[in-house]
Amino acid sequence: MNPAHETENLAPDPVMPGLSTHRLAGPAGTRILAVVGEADIDTEPALARALNAALREPPVPQALTVDCSGLWFCGCAGLHQLLRVRRAAAEAGVSFALAALSPQATRLLDLTGTRAVFDVLPAAPPTPPTKPRTPGQAAPAGRNPLRAGGPAPAPDAVPADVGIGAQVAALTAQVERQTNAGQWELSEDDTALARATATRLGTFVGAAAVQEALPGIERLEYLREALAVLAVGTAHTHGQLAWFLGRAAAALSPVLHWRALTADQEHALGTIVPTLEEFTDAENAVRRLDTVLARTTTHGPATEAAPACPQAGSRDL
């Protein structure tokens with residue numbers, strides 16, 4: 001990730017599934033980095049690059065805050081990077097803080113005895129006020145896509161103006177927050193439907209090495225099959241699972257506007273040829289949905305115990 005300026009939105013790293021970062025506008029001298037998704041061993045390199053850039057890119061900030069409101073999972077690898085950058089910030093004379101920690105991240109800090117090391121804020125510093133946008137007007141550079149458009153979104157709002165992967169990460173983060181608050185309850189029938197949906201998603205979008213070896217037309221076909229699975233699941237349930245599947249299908253809907261065959265502008269009917277990065281981003285989003293649905297229980301998606309970081313080779317290390 002190579003941010004061009006202080007408040008540019010950063011695209012998800014195409015080779016590091018499950019994590020995206022965004023620069024937020026903040027008070028003078030304060031740089032805010034929003035982290036969305038999972039900070040684990042797979043996404044550690046992407047997180048390290050984003051944190052390094054946020055700390056060191058000129059002009060060096062007086063304060064660096066990591067907004068964790070969209071960080072739905074943090075493993076030991078993510079914690080390692082936060083500790084490393086906290087130390088680097090102290091050496092550079094930059095104050096460092098974490099904001100809006102999830103219950104899972106808070107448990108991780110407690111179990112590892114590192115909570116007292118960090119300055120923890122209940123929320124990120126407020127963004128500077130901006131003029132309201134008229135309908136259809138693009139968000140100006142520097143706005144957080146998770147907060148664009150004037151007032152803060154409702155708790156269940158999912159951004160529609162960011163990539164598929166970031167939308168799905170925000171959606172699953174909402175489920176995690178509702179689960180931790182005891183607000184996510186499913187019937188046994190819905191639990192069975194969630195797991196069956198996960199199995200079908202896994203049938204169409206498998207391991208990255210397999211999908212990326214396929215020609216574009218097959219990758220697009222499988223993504224559309226995955227979208228159809230979500231739509232069919234939505235038709236067979238109501239309540240929270242229907243909301244989740246419907247929002248997931250909406251996030252994946254851009255694949256309907258993609259094409260894999262050449263066509264001139266007149267006959268393309270507004271479709272576009274996706275990049276390899278867009279294919280990968282969408283496939284990673286399907287894998288995330290597969291994971292969340294597969295571990296769904298009658299009491300909500302099962303939350304993993306906060307790791308104590310003792311065993312090498314663990315997913316969280």
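## Overview of the chain

A residue is called buried when its relative accessible area is under 20%. In this predicted model, 49% of the 317 residues of the chain count as buried. The accessible surface of the chain comes to about 14,800 Å², and carbon and sulfur atoms account for 58% of that area.

The chain has nine helices and seven strands. Consider the contacts between residues at least 6 apart in sequence: 70% of them join residues at least 24 apart.

## Confidence in the model

The mean pLDDT of the chain is 77, and 76% of the residues reach 70 or more. Two stretches deserve attention here. Over residues 1-17 the pLDDT stays under 50, and the model has 51 contacts beyond four places in sequence for this stretch. Residues 132-161 also have a pLDDT below 50, with 52 contacts in the model beyond near neighbours in sequence.

## Helices α5 and α7

Helix α5 spans residues 188-204 and helix α7 spans residues 216-235; their axes are 9 Å apart, and the two helices pack at an angle of about 170°. An angle over 145 degrees counts as roughly antiparallel, and α5 and α7 are therefore roughly antiparallel to each other. On the side of α5, the contact is made by Leu193, Thr197, Arg200, Leu201 and Phe204. On the side of α7, the residues are Tyr222, Glu225, Ala226, Val229, Leu230 and Gly233.

Apart from neighbours within four places in sequence, Thr197 is in contact with Val229, Leu230, Leu245 and Leu293. Gly202 is also found in helix α5, but it counts as partly exposed, at 28% relative accessibility. The C-alpha atom of Gly202 is separated by 6.5 Å from that of Asp290, although these residues are 88 residues apart along the chain.

## Helices α8 and α9

The axes of α8 and α9 cross at roughly 170° and come within 11 Å. That angle makes α8 roughly antiparallel to α9. Helix α8 contributes Leu241, Phe244, Leu245, Ala248 and Leu252 to the contact, while helix α9 contributes Ala282, Val286, Leu289, Val292 and Leu293.

## Aromatic pairs

A pair of aromatic rings is described by the distance of the centres and the angle of the planes. The count of such pairs in this model comes to three. One of them joins Phe96 and Phe118, whose ring centres are 6.4 Å apart and whose planes stand at 45°, so the pair is tilted. Phe96 belongs to strand β4 (residues 95-99), whereas Phe118 lies in the loop between α3 (103-112) and β5 (119-121), 22 residues apart. Both Phe96 and Phe118 are buried.

Another pair joins Trp258 and Phe279. Their ring centres are 5.6 Å apart and their planes are at 80°, so this pair is edge-to-face. Trp258 lies in the loop between α8 (240-252) and α9 (276-294), and Phe279 lies in helix α9, so the pair ties together parts that are 21 residues apart in sequence. Trp258 and Phe279 are buried.

Which residues of α3 are buried? They are Gln104, Ala105, Thr106, Leu108 and Leu109. The cover over these buried residues includes β3 (63-74), α2 (76-91), β4 and α4 (164-180).

## Backbone features

Most residues other than glycine have a negative phi, and most peptide bonds are trans. Ala100 has a positive phi of about 55° although it is not a glycine. This residue is placed in the loop between β4 and α3. Just after α3, Gly113 takes a positive phi of about 70°.

The peptide bond from Pro58 to Pro59 is cis, and its omega is near -10°. Pro59 lies in the loop between α1 (44-56) and β3.

Methods: Residues numbered from 1 in each chain as written. Predicted model: local features only at pLDDT ≥ 70, side-chain atom pairs only at ≥ 80, totals over all residues. Heavy atoms only, no water. Helix = DSSP H or I, 4+ residues; strand = E, 2+ residues; numbered from the N terminus. Buried < 20%, exposed > 50% of the residue type's maximum accessible area, 1.4 Å probe, protein only. Contact = heavy atoms within 4.5 Å. Areas by Shrake-Rupley, 256 points an atom, 1.4 Å probe, with all protein chains shown as cover. Phe/Tyr/Trp six-rings, centres within 6.5 Å; stacked < 30°, edge-to-face > 60°. pLDDT = per-residue confidence, 0-100. Axes fitted to C-alpha atoms, helices over the stretch in contact; angles between N-to-C directions. Parallel < 35°, antiparallel > 145°, perpendicular 65-115°, else oblique.
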